[in-house]
Amino acid sequence: KNSQAFRIFEITFAGASSSVIVDGATVVTGNSGSSGIAGLRIGSRGNNAKWLNGDIAEIMVFNANVNSSNRALIRAYLYQKYARGLRLVCDGDSLCYGTGSTGGQTFPVQAAALLGRTAVNVGIPGKNITSVRDEDDTLPYGGVQNDIAVFFVGTADMGSGADAAVLWPILLTAIQRYIAAGYSKLVVCTLPDSQTPTNPADYETQRQTFNTYIRDNAATYGYVVADLGADSRIGDEGDAYDTTYFDSDKVHMNNTGYGVVAEIVVDAINNG
């Protein structure tokens, strides 16, 4: 539909577990049958008709399953190589990755659709703030004037007992690295509610302290805040019990909840 659009298609041939993923969102699942890739055509239908009116930049073929973490890294590599300047690059833990979402409706996908951009989601379940600070794959040295980066990270750290006062300087270093790399805008999300039973006893106190650091330093360090922690649907203590927005584990969200995150992130981008 858009001759200028850049898309990444991930095709998995695995019998009944076969799938088609476009830009990180699963669009088709089913059974590819017993013939494997024997009938595969690239650039046309299987009957060698209806030819592709477009360009194919690169084809990568793997003879084994590629796990979700490596898929995220491959997408980041391809987007940086072919679609720089058009991206919404999102980095963080399982909430950024989209655990709890269905049909690929993570917050980066929903936010990118609202902005008319391409989502690059390098969030990984369990990723901590130190890993975000040390990220190299998403840092386009030399500057990318139109790319926007989003940090949604910290819940995994605090759920493991990390202290907000220790985490903040690490996150600040990550913020400074991304801004220096040339992103046109950096959005940092405050943390929404989490009510998982394994949280430390002082989790809520640490969350509020961490969110205050993020809010109070934005003007000084040149980023904008997507204040998830101040939203009455997902940010108040106890909101994670509301299955309108949250998954049953009381920390991750469903598609509606990630839609709220996308809405707040896009508002920060447009008005920050």
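Ile-11 sits in strand β1, residues 9-12. Strands here are DSSP runs of E with at least two residues, helices are runs of H or I with at least four, and both are numbered from the N terminus. This is a predicted model, so local features need pLDDT of at least 70 and side-chain atom pairs count only at pLDDT 80 or more, while totals for chains, interfaces and linings use all residues. Residues are numbered from 1 along each chain as its sequence is written, and side-chain values use heavy atoms, with hydrogens and water left out.

Is Ile-11 buried, exposed or partly exposed? Partly exposed, because its relative accessible area is 46%. The cut-offs: buried is under 20% relative accessible area, exposed is over 50%, partly exposed is in between, with a 1.4 Å probe and protein chains only.

Ile-11 also belongs to a nonpolar surface patch of about 910 Å². Patch residues have over 30% relative accessible area and no salt bridge; like charges are joined within 9 Å, and nonpolar side chains (Val, Leu, Ile, Met, Phe, Trp, Tyr) within 5 Å. The areas come from the Shrake-Rupley method with a 1.4 Å probe, and for residues only the protein chains shown count as cover.

Next, charges. Side chains of opposite charge can pair when their charged atoms come close. How many salt bridges does a search of the whole structure find? It finds 9. A salt bridge means a side-chain nitrogen of Lys or Arg within 4 Å of a carboxyl oxygen of Asp or Glu.

Take Lys-127 and Asp-91. Their closest N and O atoms are 2.8 Å apart. This pair links distant parts of the chain: Lys-127 is in the loop between β5 (118-121) and α4, Asp-91 is in strand β4 (residues 87-92), and they are 36 residues apart. Both are buried.

Glu-135 counts as buried because its relative accessibility is 10%. Its side chain makes a polar contact with the side chain of Lys-127, at 2.7 Å. (A polar contact is a pair of N or O atoms within 3.5 Å; within protein, one must be able to donate a hydrogen and the other to accept it, and residues adjacent in sequence count only if both atoms are side-chain atoms.) Asp-91, Lys-127 and Glu-135 are linked in a network of salt bridges.

Another pair: Glu-204 and Arg-207, with closest N and O atoms 2.9 Å apart. They are separated by about one helical turn, because they are 3 residues apart in helix α7 (residues 203-216). Arg-207 is at 0% relative accessibility, so it counts as buried.

Helix α6, residues 164-181, has 18 residues and reaches 25 Å from first C-alpha to last, close to the 26 Å expected at 1.5 Å a residue. That expected span is 1.5 Å times one less than the number of residues. Asp-163 caps the N-terminal end of α6, with a side-chain oxygen 2.9 Å from the backbone nitrogen of Ala-165. Among the buried residues of α6 are Trp-168, Leu-171 and Tyr-178. Just after α6, Gly-182 takes a positive phi of about 110°.

Helix α9, residues 255-271, has 17 residues and reaches 24 Å, close to the 24 Å expected. What caps the N-terminal end of α9? Asn-254 does: a side-chain oxygen lies 3.1 Å from the backbone nitrogen of Thr-256. The buried residues of α9 include Gly-257, Tyr-258 and Val-261.
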